[in-house]
Amino acid sequence: MAEEMRILMRNYGKIDPLNIDDYINAGGYKGLEKARAMSQKDLIAEVQKSGLRGRGGAGFNAGMKWGFSYNTPADQKYVVCNADEGEPGTYKDRLIMENDPQSVLEGMAVCGYAIGSNKGYIYCRGEYPYVVEKLNTAIEQAKAKGVLGDFDIEVRMGAGAYVCGEESALIESIEGHRGEPRFKPPFPPVTGLWGKPTIVNNVETFANIPLILEKGADWFAGIGAKSYPGTKLMTLTGDVANRTFIEVPTDTTIRQVIFDFGGGIPGGKKFKAVQIGGTSGGFIPESLLDTAIDFDSMGAIGATLGSGAVFVMDESRDVVDVINQITKFFEHESCGKCSPCREGTKRMHEMVKYIYSGRGTAADLDLLERLGTVMSKACLCGLGQAAPSPVLTTLQHFKADYTAKFN
Amino acid sequence: MADYKEIVGAYKEVPGGLIEAYHALQREFNYIPEEAVEEAAQIFDIPKAKAYGVATFYSYFKVGKRGKYIIRICESAPCHIAGAAQVVSALEKELGIKMGETTADGLFTLEFTECVGQCQATPVITINSKPYEDLTPDKINAILAEYK
Ligand SMILES: Cc1cc2nc3c(=O)[nH]c(=O)nc-3n(C[C@H](O)[C@H](O)[C@H](O)COP(=O)(O)O)c2cc1C
Ligand code: SF4
């Protein structure tokens with residue numbers, strides 16, 4: 001059986017997360033020390049060479065992104081840690097922040113040095129006030145120890161808007177506005193918070209940084225899938241025996257995740273579908289379970305790795321019932337800035353509800369597919385673009401569940 | 001009771017402080033008093049419409065009174081298939097109110113929410129952000145008793 005590989009979770013259960021000395025004794029802040037002994041250019045090149053790609057969903061090369069901000073002269077730059085963790089079924093950023101908060105602060109400070117920024121923000125979702133407390137304690141301890149140097153970190157709290165996980169909406173929210181995404185370009189690394197160059201990275205992305213520096217880019221690049229190296233924290237929910245988290249190399253297959261690590265489907269039932277990456281992820285049938293979880297392999301089967309949420313459904317589940325709930329979610333979370341999403345998510349939920357109630361026909365399925373295709377192309381931000389994906393992938397792989405509703 | 005003017009005023013110089021001020025108000029009152037929104041518009045020197053716009057954009061903010069304890073029930077897919085609907089019915093029956101309403105004694109408000117990030121043990125509710133996991137209808141009474 002495949003083995004877990006705990007890189008991010010190396011200190012899980014071994015240190016007191018709220019005692020910075022424990023972190024330092026376990027080798028913490030060596031990465032930052034090493035980073036500061038390098039030139040900014042070399043540091044960015046090292047991070048880029050590691051192949052570390054964003055763990056928040058878009059999968060962009062972290063070092064390359066840092067390079068954009070480094071190359072943009074400005075009197076002030078910002079480092080923002082995206083801890084909005086809004087994808088339903090995801091709690092991996094909470095695990096990192098609760099169990100090893102210093103690793104996130106260290107990663108942010110490395111980024112600060114690399115791009116030339118002395119101010120960082122952690123945008124933590126409003127659902128996690130208890131995590132905010134822990135982060136503030138960790139920041140106080142890091143400041144008292146002086147490990148962060150002149151790099152300041154402040155925690156800001158979200159207030160229950162899924163769209164605020166989108167980086168430009170998140171920036172609007174820190175600025176004190178409604179969390180509506182911006183038109184892009186310009187992108188945040190050039191024009192971000194208060195118009196200044198800003199790096200937004202996910203919690204898990206930052207937490208990977210210290211060890212990459214300590215052990216070297218080549219070490220990291222050699223773990224897991226070549227094009228998306230490293231490990232991924234996954235959270236298992238739904239009809240799976242072990243509803244838990246795992247950290248595995250990125251060349252692990254979906255089948256291994258569900259059956260080896262997850263312990264398979266409970267109650268002697270059969271597997272039906274899995275949705276990976278949160279509510280905006282595609283649904284995956286049995287026939288595709290031997291796909292590796294890395295970003296590109298998932299993309300090739302029309303699915304996503306996304307946040308790493310793994311939502312398993314057994315044979316007794318009604319896909320249309322779940323899709324009804326999911327389309328309701330997007331109708332509620334659409335920020336309303338652009339009409340393809342504001343109207344589209346509403347109509348999509350309306351149509352699914354209609355089909356669910358038994359009044360639909362084959363023509364409705366065609367309409368649903370057309371609407372989804374238009375939204376995925378015409379919506380302004382990733383929310384509206386990805387919202388149709390559960391609908392489109394279930395129409396592709398689980399059409400029988402829809403037609404079974406027809407009267 | 002703390003003065004809402006003081007609470008909002010403390011964030012005047014904080015960049016992007018409006019949302020921080022609203023959080024501070026909610027920590028004190030559990031909701032944002034109507035007058036505080038107008039006060040915020042003045043203090044941050046923005047149109048009233050904008051101050052309202054921000055307060056009403058975020059689902060955790062509520063302008064106007066609500067209960068002392070906000071019970072939020074997750075309706076995201078993992079909680080949905082784990083039986084969130086039965087928990088909703090049990091809560092509605094026990095408190096004698098529907099989702100979105102507040103009990104007559106001003107103690108409890110029932111709200112739907114999306115994922116609260118405790119999906120290792122679904123279904124989940126939170127009471128003033130404190131999570132209660134692996135819920136079944138028969139656990140509701142004991143939990144509510146903690147707050148009565
Ligand atoms: C609707 C929407 C929600 C998002 N939510 C999150 C989130 O909760 N956490 C996160 O890190 N990224 C989220 N993202 C992705 C961010 O926009 C951004 O790509 C990410 O923070 C970049 O960091 P990374 O490169 O380290 O992944 C979301 C994107 C969209 C479109
Ligand atoms: S796609 Fe949806 S969430 Fe994104 S900007 Fe448009 S309306 Fe807002």
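This is a predicted model: local features need pLDDT of at least 70, side-chain atom pairs count only at pLDDT 80 or more; totals for chains, interfaces and linings use all residues.
1. Extent of the contact. Chain A brings 45 residues to the contact and chain B brings 34 residues. Together the two chains bury about 3,200 Å², and carbon and sulfur atoms account for 56% of that area. On the side of chain B, the three residues that supply more than any other three are Phe57(B), Tyr58(B) and Ile81(B), with 21% of the area that chain B buries against chain A.

2. Polar part of the contact. Between chain B and chain A there are 20 residue pairs in polar contact, counting pairs with both residues at pLDDT 80 or more. Helix H2 (17-29), helix H4 (48-57) and helix H5 (77-81) of chain B each give at least two residues to the side that touches chain A. Of the elements of chain B, H4(B) gives the most, with 5 residues. By residue class, the side of chain B that touches chain A holds 17 nonpolar, 12 polar and 5 charged residues.

3. Salt bridges across the contact. The count between chain B and chain A is 2 salt bridges. In a salt bridge between the chains, the side chain of Arg243(A) meets that of Asp134(B), at 3.5 Å from N to O.

4. Ser173(A). This residue sits in helix H8 (residues 167-174) of chain A. Ser173(A) has a relative accessible area of 4% and is therefore buried. Leaving aside residues up to four places away in sequence, Ser173(A) touches Tyr123(A) and Cys164(A) in chain A, and Ile19(B) and Tyr58(B) in chain B. Tyr58(B) is also one of the three residues named in point 1 for their share of the area that chain B buries against chain A.

5. Helix H9 of chain A. In H9(A) (residues 203-215), 11 of the 13 residues are buried, and the helix is mostly covered. The buried residues run from Val203(A) through Leu213(A) and include Glu204(A), Thr205(A) and Asn208(A). At the start of the helix, a side-chain oxygen of Asn202(A) comes to within 2.9 Å of the backbone nitrogen of Glu204(A). Just after H9(A), Gly216(A) has a positive phi of about 100°.

6. Helix H4 of chain A. In H4(A) (residues 62-70), the buried residues are Ala62(A), Gly63(A), Lys65(A), Trp66(A), Gly67(A) and Ser69(A). These buried residues pack against helix H3 (40-50), helix H6 (101-115), H8, strand E4 (198-202) and H9 of chain A. The N-terminal end of H4(A) is capped by Asn61(A), with a side-chain oxygen 3.0 Å from the backbone nitrogen of Gly63(A).

7. Strands E1 and E2 of chain B. Strand E1 (residues 69-74) runs parallel to E2(B), and 6 bridges join the two. In this pairing, Ile70(B) stands opposite Thr109(B) of E2(B). E2(B) (residues 108-113) is mostly covered, with 5 of its 6 residues buried.

8. The side chains of Arg66(B) and Glu111(B) form a salt bridge, at 2.8 Å from N to O. Arg66(B) lies in the loop between H4 and E1 of chain B and Glu111(B) in strand E2, so the pair ties together parts that are 45 residues apart in sequence. Arg66(B) and Glu111(B) are both buried.

9. Salt bridges within chain A. Over all chains the count comes to 34 salt bridges. One of them joins Lys145(A) and Asp21(A), with the closest N and O atoms 2.8 Å apart. Lys145(A) belongs to helix H7 (residues 129-145) and Asp21(A) to helix H1 (residues 20-25) of chain A, so this pair ties together parts that are 124 residues apart in sequence. Lys145(A) is partly exposed at 44% relative accessibility, and Asp21(A) is partly exposed with a relative accessible area of 33%.

10. Further charged groups in chain A. Glu127(A) and Arg125(A) meet through their side chains in a salt bridge, at 3.2 Å from N to O. Both Glu127(A) and Arg125(A) are buried. A network of salt bridges links Lys119(A), Lys143(A), Asp152(A), Glu154(A) and Arg156(A).

Conventions: Residues are numbered from 1 along each chain as its sequence is written. Chains are lettered from A and ligands numbered from 1 in the order in which they are written. Side-chain values use heavy atoms; hydrogens and water are left out. Contact means heavy atoms within 4.5 Å. Buried area is the accessible area (1.4 Å probe) that two parts lose on being put together, summed over both. A salt bridge is a side-chain nitrogen of Lys or Arg within 4 Å of a carboxyl oxygen of Asp or Glu. A polar contact is a pair of N or O atoms within 3.5 Å; within protein, one must be able to donate a hydrogen and the other to accept it, and residues adjacent in sequence count only if both atoms are side-chain atoms. Helices (H or I, at least four residues) and strands (E, at least two) are DSSP runs, numbered from the N terminus. Ala, Val, Leu, Ile, Met, Phe, Trp, Tyr, Cys and Pro count as nonpolar, Asp, Glu, Lys and Arg as charged, and the others, Gly among them, as polar. Buried means under 20% relative accessible area, exposed over 50%, partly exposed in between (1.4 Å probe, protein chains only). Two strands pair if DSSP finds at least two bridges between them.
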